[in-house]
Amino acid sequence: MWMIVVILSVLLGVCFYVYKSRRSNLRRIHGEGQGIFITGCDTGFGYDLAKRLDGLGFRVFAGCLNSNGKEAGELARSCSKLLSVVQLDVTKEDQITSAKAYVETVHRITGCGLWALVNNAGIDCYGDIEFCPMEFYRRVADVNLFGMVHVTKTFLPMIRKSKGRVINNISVKGRLSLPRISVYGITKYGGENFSDCLRLEMRKFGVKVVIVEPGNFGGVTGILSGSNLNRLKDDKETIWNRADPEVKQVYGRKIFESQFSELERAADTSCRTTTPVIDAFEDAVTLENPRTRYLVHGGRGLFDKCCVYATLNSYLTTAWMDYLVDRWFNSSGVAEIGI
């Protein structure tokens, strides 16, 4: 067994070296004078990507849900004067309009165009379909799907003018259906379709549309800790209290509690750094010819189960995928999934 582990480790090391070598030799555009608008920069991928692109010389517009918050202040202080923190709740039309007006003002003053829009803002939710109220479906869709559509439609004329690109942070769960993530998952499947349609429509204008699909990174982005985890716990009680008595009886409180207790431990299985995802975003922004999709493996083991299953989903029949997913959940639960 140990020999297999050693061989796999060597192979992974070789693959990583080849990947890094190829990545460093690809042709890239320069950041000077190029504007990038990123949503969801308070924490996680958006926060780290804003710092990365600022370091590369881009003029970064960092959209934050709370522009006066601690995280937004830390982001501004840690970056150059080219980075601007912009107030943006992607569910608020007036804030989206104001954000565009600010970018246009900066453009008139500095000549900076808008090279890329990165739709990164998102929230999650967890629970069986019979438990989740329609309010939860609408709340998550307003951010993850309709927020992305609204922001894209608002900034698209500027992206067309620069022949730039739209980069959408979707998720591996836009390619893989799993129990208890329907509220989140349908927004990600919708995001995949929106991105595909947009890519085909924008080809004639020279605009590229790129999809980034992170795997198990929930523990390092903050989506499974702090205020987000507290919100999930609050959702749990709301879900149970609003459920139909017959549903409560059929499922039982014990099973219900066990599902959410596993969710709290899911962060322990995720990747410890956002770097692989930020590398993919950097490639999507800077490469002259980026890939259409970046499926980014996370997790702490030799492979990311979600990403492996998502790949298999493109080749195996539905019956086989249902069997594999069912075996996975019955044997390991949500702890290996993240969200």
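## Ground rules

Residues are numbered from 1 along each chain as its sequence is written, and side-chain values use heavy atoms, leaving out hydrogens and water. In this predicted model, local features need pLDDT of at least 70 and side-chain atom pairs count only at pLDDT 80 or more, while totals for chains, interfaces and linings use all residues.

## Overall picture

The protein chain has 13 helices and seven strands, taken as DSSP runs numbered from the N terminus (helices: H or I, at least four residues; strands: E, at least two). Of its 339 residues, 49% are buried; buried here means under 20% relative accessible area, exposed over 50%, and partly exposed in between, with a 1.4 Å probe and protein chains only.

Let's turn to contacts, meaning heavy atoms within 4.5 Å. Among those between residues at least 6 apart in sequence, 73% join residues at least 24 apart. The accessible surface of the chain is about 16,600 Å², with 55% belonging to carbon and sulfur atoms; areas come from the Shrake-Rupley method with a 1.4 Å probe, and for residues only the protein chains shown count as cover.

## Two nonpolar cores

A nonpolar core is a set of buried Ala, Val, Leu, Ile, Met, Phe, Trp, Tyr and Cys residues joined through side-chain atoms within 4.5 Å. The largest one holds 34 residues, and Ile36, Ile38, Ile167 and Phe281 touch the most other members. Elements that each supply at least two residues include β1 (34–38), α2 (44–55), β4 (113–119) and β6 (208–214). The top contributor is α11, with six residues.

A second, separate core has 33 residues, among them Val183, Ile223, Leu232 and Met321.

## Two positive phi angles

Lys163, though not a glycine, has a positive phi of about 55°. Lys163 sits in the loop between α5 (134–162) and β5 (165–169) and is exposed, at 52% relative accessible area.

Arg180 is also not a glycine, yet has a positive phi of about 70°. Arg180 belongs to the loop between β5 and α6 (182–202), and is buried at 17% relative accessible area.

## Cysteines

How many disulfides does a search of the whole structure find? The count is zero, with a disulfide defined as a pair of cysteine sulfur atoms within 2.5 Å. For Cys41, the nearest cysteine sulfur is that of Cys64, 5.3 Å away. Cys41 is buried at 0% relative accessible area, whereas Cys197 is partly exposed at 36%.
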